Amino acid sequence: SLYNLASLELRENLLTYLPESLAQLQRLEELDLGNNELYHLPETIGALFNLKDLWLDGNQLAEIPQEVGNLKNLLCLDVSENKLECLPEEISGLTSLTDLLVSQNLLQVLPDGIGKLRRLSILKVDQNKLIQLTNSIGDCESLTELVLTENQLQSLPKSIGKLKKLNNLNADRNKLTSLPKEIGGCCSLNVFSVRDNRLSRIPSEISQATELHVLDVAGNRLTYLPLSLTTLKLKALWLSDNQSQPLLTFQTDTDPETGEKILTCVLLPQMPSEPGCQDNLPRCGALESLVNEMSDETWNERAMNRVSAIRFLEDEKDEEDNEMRTLLRRATPHPGELKNMKKTVENLRNDMNAAKGLDSNKNEVNNAIDRVTTSV
């Protein structure tokens with residue numbers, strides 16, 4: 001009987017069902033039912049014609065009634081963290097919708113009707129089971145943010161190039177083996193992340209996305225990058241873990257002094273270490289200094305001030321052994337990279353300490369050093 005009620009917030013309770021009489025709240029504009037125990041929505045929810053925001057996240061919903069398509073004034077629909085296996089085709093009726101959040105469900109496909117959501121700006125479908133992205137996605141002409149992280153996608157539709165307003169596209173941790181050349185049509189794209197996929201190449205047409213500033217292709221199988229990337233004004237580019245083979249390719253050769261048959265590769269021979277390197281660990285270099293100087297307590301503090309840049313340090317006139325300019329690479333400011341680097345440093349510290357305790361056996365010391373170098 002609360003006919004004039006405009007906002008109803010019932011978040012974080014133990015509700016298992018909704019009364020049919022909810023449909024009588026004809027002036028209701030905001031309904032928050034997040035984090036309850038709802039297994040079913042009444043069909044009468046489609047009678048709330050003035051509803052603008054509907055939050056149903058964190059429930060146990062396996063489906064949404066098709067009557068939800070009657071909510072012509074709805075702006076935001078959040079059904080993330082449920083057990084949805086599909087969305088009704090009638091979702092196409094939500095012609096005013098700007099935000100659609102369906103993260104952490106069991107969706108394998110999106111309905112083709114989603115292409116009729118011409119005002120849709122944000123679409124988050126991360127952590128589902130998407131095996132394909134509907135071609136009609138290209139008709140969502142107002143889309144600015146598309147999040148597809150952690151699905152089963154092997155490709156993206158060519159129509160994605162029609163999204164002229166798309167600013168952020170994230171497809172990390174899928175099974176993408178290729179990208180459509182039409183991706184260059186996303187002329188407003190600013191952040192493009194396809195980390196941890198199976199890409200072997202990046203189409204040269206990516207350079208047509210002239211607003212692109214952040215490109216993350218780490219954790220793929222890239223053997224090269226297109227030359228056209230040089231025309232972009234990138235501010236961040238992540239390329240780590242794109243090694244096509246786990247080991248270096250070795251070639252047979254002959255030792256000129258002994259005539260012995262040997263194996264060599266592009267990394268051998270290495271330059272000798274700098275004078276004064278402790279414990280004769282020539283391959284550790286700057287990482288040894290990092291281990292000795294950086295404790296767990298100071299790591300996070302330093303990480304906050306890290307700089308993503310490569311620069312040459314000025315020569316120190318009072319150091320005789322600093323004859324050549326030193327190349328210093330700062331830590332890459334990506335959260336995942338930072339965690340991996342910290343773990344590497346901790347492992348290196350442990351291995352070095354173990355190596356120091358093997359003074360009585362020089363061969364074992366050298367083996368430990370090689371193992372440390374390989375892990376780095």
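## A tour of the parallel sheet and its loops

Begin by selecting residues 122-124, which make up strand β6, together with residues 145-147, which make up strand β7: these two strands run parallel and are joined by three bridges. Strands here are DSSP runs (E, at least two residues), numbered from the N terminus, and two strands pair if DSSP finds at least two bridges between them. Within this pair, select lysine 124 and look across to β7, where valine 147 is its bridge partner.

Before going on, note that this is a predicted model, in which local features need pLDDT of at least 70 and side-chain atom pairs count only at pLDDT 80 or more, while totals for chains, interfaces and linings use all residues. Residues are numbered from 1 along each chain as its sequence is written, and side-chain values use heavy atoms, with hydrogens and water left out.

Now widen the view to the whole sheet, an open one in which 11 strands follow the order β1-β2-β3-β4-β5-β6-β7-β8-β9-β10-β11 with parallel pairing. Its edge strands are β1 (7-9) and β11, each of which pairs on one side only. Strands of a sheet pair through backbone hydrogen bonds, either parallel or antiparallel.

Return to the loop between β6 and β7 and select asparagine 128. Is asparagine 128 buried or exposed? It counts as buried, because its relative accessibility is 6% and buried means under 20% relative accessible area, exposed over 50%, and partly exposed in between (1.4 Å probe, protein chains only). The side chain of asparagine 128 reaches the backbone nitrogen of leucine 106 at 3.3 Å, and a polar atom of that side chain lies 3.1 Å from the backbone oxygen of valine 125.

Next, select glutamine 127, which is in the loop between β6 and β7 and is partly exposed, with a relative accessible area of 34%. Its phi is near 60°, a positive value in a residue other than glycine. Most residues other than glycine have a negative phi. Arginine 173, in the loop between β8 (168-170) and β9 (191-193), also is not a glycine and has a positive phi of about 55°.

For a further stop, select glutamate 67 in the loop between β3 (53-55) and β4 (76-78). The C-alpha atoms of glutamate 67 and alanine 47 are separated by 8.1 Å, although these residues are 20 apart along the chain.

Finish with leucine 225, which lies in the loop between β10 (214-216) and β11 (236-238) and is partly exposed, with a relative accessible area of 32%.

Notes:
Helices (H or I, at least four residues) and strands (E, at least two) are DSSP runs, numbered from the N terminus. A polar contact is a pair of N or O atoms within 3.5 Å; within protein, one must be able to donate a hydrogen and the other to accept it, and residues adjacent in sequence count only if both atoms are side-chain atoms.
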